[in-house]
Amino acid sequence: GPNESGASRYHLVKACEASLRRLKTDHIDLYQIHNWDGVTSVEETLRALEDLVKSGKIRYFGTSNYTAWQMMKTLGCASEQQLLKPVSQQIYYTPESREAEFELLPMAIDQQIGTLIWGPLGEGLLTGAVSRHGKAPESTRQGSGWPEPYVHDMEHAYNVIEVLEQVGKEINASIAQVCLAWLAERPGVSALIVGNRSETHLRENLNAFELTLSDEQRQRIERVTRPAPRYPYWHRFTSGMDRIDPAEQPFLDEYRQTLDERKDQAQK
């Protein structure tokens with residue numbers, strides 16, 4: 001029905017109370033809106049969430065899968081109406097898919113919003129089950145026709161997997177461990193959310209945070225996974241802009257390298 005989805009007061013309160021019953025608890029530490037609701041007013045959503053906080057049913061709230069402008073609209077409404085603000089965003093971000101660096105991560109750094117990464121292993125794409133020369137086992141998500149993640153360039157994805165594998169061999173670690181270790185150190189990342197089918201996989205993933213990648217290894221992974229600069233970012237470099245916001249500085253420095261390398265190649 002029309003009231004069984006979205007971020008309306010009716011649905012948020014009903015869904016929260018259902019979660020409390022399922023979890024057999026009296027409160028939820030972090031309650032996150034799964035997707036942007038383009039129909040319900042932001043103020044209604046925020047007032048419902050604030051009421052859930054005041055009632056003790058939730059401690060904090062955040063968003064998931066919002067664009068940067070949607071999060072800024074939410075933050076702006078909260079500030080204008082003097083309402084509680086979201087404390088976190090939950091987003092998709094992997095070495096193969098770094099789109100979040102263009103807006104979402106700089107926004108989070110600037111606005112002091114925590115960033116939780118869902119699907120850091122690409123929903124099975126970056127676990128070692130997928131390779132250029134082999135098909136993923138049917139017992140895995142990627143071998144059973146799972147529709148995510150959306151991969152625009154599979155050749156690029158294979159290149160990413162192979163570099164993760166090379167680094168893993170150098171430090172006696174799995175592809176998944178190298179992937180998690182690299183992501184955990186990226187600017188703006190607060191935590192990684194891993195979902196494991198077995199205790200063995202869970203322990204393997206947890207051990208990733210004990211790994212130490214060398215500067216050369218981190219840069220090698222960054223170089224092969226780096227997205228092409230997009231407008232208006234490339235325009236800042238070509239026009240010689242030097243007043244860069246600190247929130248996007250770490251990402252723009254990497255994209256600048258791509259343009260510098262192309263410039264050097266053209267001159268040769």
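Q: At what angle do helix α3 and helix α4 pack, and how many Å apart are their axes?
A: In this predicted model, helix α3 (residues 68–81) and helix α4 (residues 104–111) pack at an angle of about 25°, and their axes lie 9 Å apart.

Q: Why is α3 called roughly parallel to α4?
A: Angles under 35 degrees count as roughly parallel, and the angle between α3 and α4 is about 25°, so α3 is roughly parallel to α4.

Q: What makes the pair Arg47 and Glu43 a salt bridge?
A: The criterion is a side-chain nitrogen of Lys or Arg within 4 Å of a carboxyl oxygen of Asp or Glu, and the closest N and O atoms of Arg47 and Glu43 are 2.9 Å apart, so the pair forms a salt bridge. Both residues lie in helix α2 (residues 42–54), where they are four residues apart, about one turn of the helix.

Q: Why do Arg47 and Glu43 count as partly exposed?
A: Partly exposed covers what falls between the limit for buried, under 20% relative accessible area, and that for exposed, over 50%. Arg47 has a relative accessibility of 33% and therefore counts as partly exposed, and Glu43, at 30%, therefore counts as partly exposed too.

Q: How do you know that Glu222 forms a salt bridge with Arg98, and where do the two residues lie?
A: The closest N and O atoms of Glu222 and Arg98 are 3.1 Å apart, which is to be set against a limit of 4 Å. The pair links distant parts of the chain, with Glu222 in helix α8 and Arg98 in the loop between β3 (88–92) and α4, 124 residues apart.

Q: Why are Glu222 and Arg98 assigned to their accessibility class?
A: The cut-off for buried is under 20% relative accessible area; Glu222 has 5% and is therefore buried, while Arg98 has 2% and is therefore buried.

Q: What other salt bridge does Arg98 form, and why does that pair tie together separate parts of the sequence?
A: Arg98 forms a salt bridge with Glu254, the closest N and O atoms being 2.9 Å apart. Arg98 lies in the loop between β3 and α4 whereas Glu254 lies in helix α10, so the pair ties together parts that are 156 residues apart in sequence. Like Arg98, Glu254 is buried.

Q: Which residues of helix α8 are buried, and what covers them?
A: In helix α8 (residues 215–225), the buried residues are Gln217, Arg220, Ile221, Glu222 and Thr225. Their cover includes α5 (154–171), α6 (175–184) and α10 (249–267).

Q: What describes the protein as a whole?
A: The protein has 10 helices and five strands, and buried residues make up 43% of its 268 residues. Among contacts between residues at least 6 apart in sequence, 73% join residues at least 24 apart.

Notes
Residues numbered from 1 in each chain as written. Predicted model: local features only at pLDDT ≥ 70, side-chain atom pairs only at ≥ 80, totals over all residues. Heavy atoms only, no water. Axes fitted to C-alpha atoms, helices over the stretch in contact; angles between N-to-C directions. Parallel < 35°, antiparallel > 145°, perpendicular 65-115°, else oblique. Buried < 20%, exposed > 50% of the residue type's maximum accessible area, 1.4 Å probe, protein only. Contact = heavy atoms within 4.5 Å.
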